Amino acid sequence: MTALADTLRIAIPADPGYLDPAYAGSSSEWILIDNLYPRLAKYVAGDEWTVELEAAKSVDLSDPANIAFELKSGIMWSGGYGELTAEDVEYSYERHANPDLESALAPEYALLTDVEVTGKYTGIIHLAKPSPSFWSATMTYGTGAIVSKAAAEASGGYFEATPVATTGPYRFRSFEPGQSMVLEKDPDWTGAPGAFDEIKLIAIPDDNAARVAFEAGEVDYVSGVSALEFDNWSASPPRGGQVALKQSIDPLWLGISETHPALSDIRVRHAIQKAIDIPTILQATSNGHAKQAPGIVAPGLPGYREGKLIERDVEGAKALIAEAGAEGTVIRLDYVNTANRAAIAQIMQANLAEIGLTVELNGQDEGTFWAVDEERAKDLQLHVKSWFGNPDGLYTLQCFISDQVGVWNWEGLADPDYDALVEKARETVDEGGRAAIYVQLQDMLEDSGDFLFLTHEPLTVLWRDGIVPGSLPDGRPVFGAFAKTVN
């Protein structure tokens, strides 16, 4: 256990490409952003989704259109970039509204008017209209990350895979693509210290490879592994390891891009929805641990779409394909090339063959899959994908407005009524009213034929004896919350 005494080794799905909140896309990038950049408040490690103040000493939410805050003093940026101040908050939030930046987070900041700096540590976030969801869906999540103004400006306004200035128990030390990213204790951090001298983040994209690496003593913590492995690993745990099943709130769905000529006919898209055998997919990939999802919002959260499950109807799907004259259409299905996603893709390929559609499978590494620009967006057809969920459903639902076509909106939905309803949700103060709108929005997504909701994936987590894992309720690692077992 020599390595464990000094170094915590965590498996992540892929090397990061961007560690700028404005451009991050892959799960690996968001894990790092969550851990390396501060927020006014954040979800903390534990079994419940609980928000606690982080960089903020206080936040006044009594006026949801004018959110006053005071930062804790003495929070230092790494790299010699000085102390975290209200000017950093101002810069971080307002930059997403800059059209030249082309921030993927622009929709989340749509109601932001400005951040008024009232003192070194104090300010007021002004919104065009009251919006409780700006706090719950944006500011407390990775999308509310605060960056150093001085460091960002020194980097030309943005940064890629190597963070310039961070705060927290650990800071960036080195990155060798294909090898590891190494973090070390930050000597200037005044909060609770990390339990390890360093953390190594090792890209391992495949579930089976993660187990092999664990058994070889190369990693100490693995999360986000298919629930299918839970039964296997529980029956025969890797030596020196412990296994748990975590229920995520991350939506998994089949996206059907209406902007592609082969899928522009809504009858074809509805036929695809009817043809997919979701129960078989979930049994094959989770041994029954996963439940079919009726929407984006997870069970138990405001806006859960109770009881609205699509049932397989092969004959109905065939009729729609015949009506559309689409027999023999060839379409491509993109997915991250893991064993879990490949199994889903193969079942979908067989299902769609039954109704006369030929599906070409296109498994990709995680970095390639998430690297969507305007040109690649035009060629998107079918795609299986999962996003980090948020206890506030607007976090995901707002990504399918017209302005996000080709950015986060890969499905190409451009519905003014949907756009207007998202704006209404942003401005609705009553939680029950917002929840009802979230249900309407999910109805619209499904009715468009662009979405086939699959599940909210339960995920297997594996950790080595000798550590106490620190994670969010879904198993996502919180680096500073990891500890060593006390003997």
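# Helix packing and selected residues

Apart from its neighbours within four places in sequence, D419 is in contact (heavy atoms within 4.5 Å) with I401 and S402. The structure is a predicted model in which local features need pLDDT of at least 70 and side-chain atom pairs count only at pLDDT 80 or more, while totals for chains, interfaces and linings use all residues. Residues are numbered from 1 along each chain as its sequence is written, and side-chain values use heavy atoms, with hydrogens and water left out.

**D419 and its surroundings**

- D419 belongs to helix α15; helices (H or I, at least four residues) and strands (E, at least two) are DSSP runs numbered from the N terminus.
- The side chains of D419 and S402 are joined by a polar contact of 2.6 Å, that is, a pair of N or O atoms within 3.5 Å, one able to donate a hydrogen and the other to accept it, where residues adjacent in sequence count only if both atoms are side-chain atoms.
- Between the C-alpha atoms of D419 and K185, which are 234 residues apart along the chain, the separation is 44 Å.

**Helices α15 and α16**

- Helix α15 (residues 416-427) and helix α16 (residues 431-447) have axes that come within 10 Å and cross at roughly 160 degrees; axes are lines fitted to C-alpha atoms over the stretch in contact, with angles from 0 to 180 degrees between N-to-C directions.
- This angle makes α15 roughly antiparallel to α16 (over 145 degrees; under 35 is roughly parallel, 65 to 115 roughly perpendicular, the rest oblique).
- The crossing of α15 with α16 is left-handed, meaning that the near helix is turned anticlockwise from the far one by less than a right angle, whereas clockwise is right-handed.
- On the α15 side, D417, Y418, L421, V422, K424 and A425 meet R434, I437, Y438, Q440, L441, M444 and L445 of α16.
- The α15 contact with α16 comprises nine nonpolar, one polar and three charged residues (nonpolar: Ala, Val, Leu, Ile, Met, Phe, Trp, Tyr, Cys, Pro; charged: Asp, Glu, Lys, Arg; polar: the others, Gly among them).

**Helices α9 and α11**

- The axes of α9 (residues 278-286) and α11 (residues 339-353) come within 10 Å, crossing at roughly 155 degrees, and the two helices are therefore roughly antiparallel to each other.
- α9 and α11 form a right-handed crossing.
- In this pair, T280, I281, A284 and T285 of α9 meet N340, A343, I344, I347 and M348 of α11.

**Helices α6 and α7**

- Helix α6 (residues 207-215) packs against helix α7 (residues 228-235) at an angle of about 25 degrees, the axes being 11 Å apart.
- α6 is thus roughly parallel to α7, and α6 passes α7 in a right-handed crossing.
- From α6, D207, N208 and R211 meet E229, N232 and W233 of α7.
- By class, the α6 contact with α7 has one nonpolar, two polar and three charged residues.

**Loop residues**

- Most residues other than glycine have a negative phi.
- E102, although not a glycine, has a positive phi of about 55 degrees; E102 is placed in the loop between α3 (86-94) and β6 (112-117).
- E102 is exposed, at a relative accessible area of 64% (exposed over 50%, buried under 20%, partly exposed in between; 1.4 Å probe, protein chains only).
- N287, likewise not a glycine, has a positive phi of about 55 degrees and sits in the loop between α9 and α10 (314-324).
- N287 counts as partly exposed, at 34% relative accessibility.
- P193 lies in the loop between β9 (180-185) and β10 (198-203) and is exposed, with a relative accessible area of 63%.
- P193 and A481 are 288 residues apart along the chain, and their C-alpha atoms are separated by 9.4 Å.
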